[in-house]
Amino acid sequence: MGSGAQVTEKGAATRRVTIDPITRLEGHGKIDIFLDARGEVEKAYYQIPELRGFEVFSLGRPAEEMPQITSRICGVCPTAHHMAATKALDDLYHVDPPPTAKKIRELIYNTFMLEDHALHVYILGGPDFIVGPDAPKELRNVVGVIGKVGLDTGKKVIAMRKRLRELIAHLGGKIIHPVFGLPGGVAKGLSPDELPALKALADDALEFALFTLGVFKSIVLANKEYVSLITAEHFTHRTYSMGLVDAQNRVAFYDGAVRVVDPNGSEYTKFAPAKYLDVIAEHVEPWSYVKFCYLKQVGWKGFTDGASSGIYSVAPLARLNASDGMATPEAQKAYEELVATLGGKPVHHTLANHWARVVEMIQAAEMMRALANDPLLTGKEIRTLPTEKPTVGVGIVEAPRGTLIHHYETDERGLITQANLIVATQNNAGRISMSVDKAARGLIHAGKVDDGLLNKIEMAFRAYDPCNACSTHSLPGQMPLTLRLRNASGEITRVIQR
């Protein structure tokens, strides 16, 4: 049933439903659902069984290698890690990039945000709505999406993502593991003769983003069953929201302050990147390699929501909640429609992340167009060389999945002595776990499960577009291992455990 789902009897009273592996996300994970004697859910666990120890094996490496090292964490969002690491190096070396370098970085980053959001809308999360949550599982994929929206639309999506990725590769050196970021600037500039093609791409990108909004309206918002699913109580959590904002408290992706609003939408705090440890703390559970972030001053109160719980959310919907609006006109119109339709801010419906993601696609495209028409984009000065000794650096960007923090400390030679990475899925980990548990409790009754129902439970995590490979950290930086030694006959002669 579902994506590798299986039901295991466990005693006379309890059944265990396992979805392993969960699908259409980056990384590995599984869901364990425990039912009582009446077939009602006792508890559902969203478990991450993998470990990526980047914080540990970064120790002793030259700091300037971090933008390349950390981009290897994830094949879906390498540009986010590369950019956060590059900004951390700016801070570490106490150097401010020239305006042209910042604009080139922002151009690359908005292009990446648009391309990555399109991946989720059409390929990862989108099939649940475009094809349907109860559709046969063999159709809940990009093939099914193309079958629903038509071959021409499928070609349009693939062609646009290809063009956007080509721009990132042109400016960034490579698409999967970019190499453009340097402390104090970028490795490559833009010439005036490249602008016509860039402007044409930006115009087409905006048309594509607005087209995507039209697809979402016609397929999702026009379907009363889908709207009821978005607003269902078992897909709703009232938590704090966090996101990067500009000086006017508008949604920002590349630079700004981090703003947190409470479950009622009032500003709780706003802080500069260097102050993140005053606000964020991490909690560990024995059943996952993800560390669960919470607001330090509110405290860890377990997996509960409300103003008394320190759990908060990041990702597209949280960014809209944490802001006073969007930074571009067409995105602002789409934002206002979302807020009005869903009853005002803040919006706490988890599945509304998909709609918020489309709104952000529009802002990213409009930012591309504005930057393509900025005369400073083709300036000659693209780097300020560092002259000071490195100390401590913190860089924050908004990854497509939410707030991403890189924090490095070095010795006077610039070798990493401490690295702390707080990625979007760690920030979201508490809320994701609550979402999976609440969805399971709301959907499973009398022990009845089927493929479509289990897929709806998976939709609870897909809305966040989680990146499990990015988020898996462990306090000791190692995972438990069991080594079994066998003789020539295959018999176990010794077991060594860590």
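**The sheet and its strands**

Reply: Strand β14 (residues 402–410) pairs with β13 in the antiparallel sense over 8 bridges. This is a predicted model, where local features need pLDDT of at least 70, side-chain atom pairs count only at pLDDT 80 or more, and totals for chains, interfaces and linings use all residues. Residues are numbered from 1 along each chain as its sequence is written, and side-chain values use heavy atoms, with hydrogens and water left out.

Me: Which residue in β14 is the bridge partner of Val-394?

Reply: Strands here are DSSP runs of E, at least two residues, and helices are runs of H or I, at least four, both numbered from the N terminus. Two strands pair if DSSP finds at least two bridges between them. For Val-394, the bridge partner in β14 is His-407.

Me: In what order do the 3 strands of the open sheet come?

Reply: The pairing is antiparallel. β13 (392–399) and β15 (416–422) are the edge strands, each pairing on one side only. From one strand to the next, the twist averages 10°. The order is β13-β14-β15.

Me: At about what angle to β13 does helix α3 run?

Reply: Helix α3 (residues 78–92) lies across β13 and β14. Axes are lines fitted to C-alpha atoms, for helices over the stretch in contact (heavy atoms within 4.5 Å), and angles run from 0 to 180 degrees between N-to-C directions. For α3 against β13, that gives about 150°.

Me: Which helix gives the largest share of the lining of the largest cavity?

Reply: On a 1 Å grid over the protein atoms alone, a cavity is a set of points where a 1.4 Å probe fits but cannot get out, and lining residues have an atom within 4 Å of a point. Grid points are joined across faces, edges and corners, and a volume is the space filled by probe spheres set on the points; the largest cavity holds about 110 Å³. Helices α4 (99–124), α5 (127–130), α8 (195–221) and α13 (353–372) each supply at least two lining residues. The largest share, 5 residues, comes from α8.

Me: Is Pro-466 buried or exposed?

Reply: Pro-466 is found in the loop between α15 (451–462) and α16 (468–471). Leaving out residues up to four places away in sequence, Pro-466 touches several others, including Leu-25, Tyr-46 and Phe-461. Buried means under 20% relative accessible area, exposed over 50%, and partly exposed in between (1.4 Å probe, protein chains only). Pro-466 has 2% relative accessibility, so it counts as buried.

Notes:
On a 1 Å grid over the protein atoms alone, a cavity is a set of points where a 1.4 Å probe fits but cannot get out, and a pocket is an open set with protein on both sides within 12 Å along at least five of seven lines; lining residues have an atom within 4 Å of a point.
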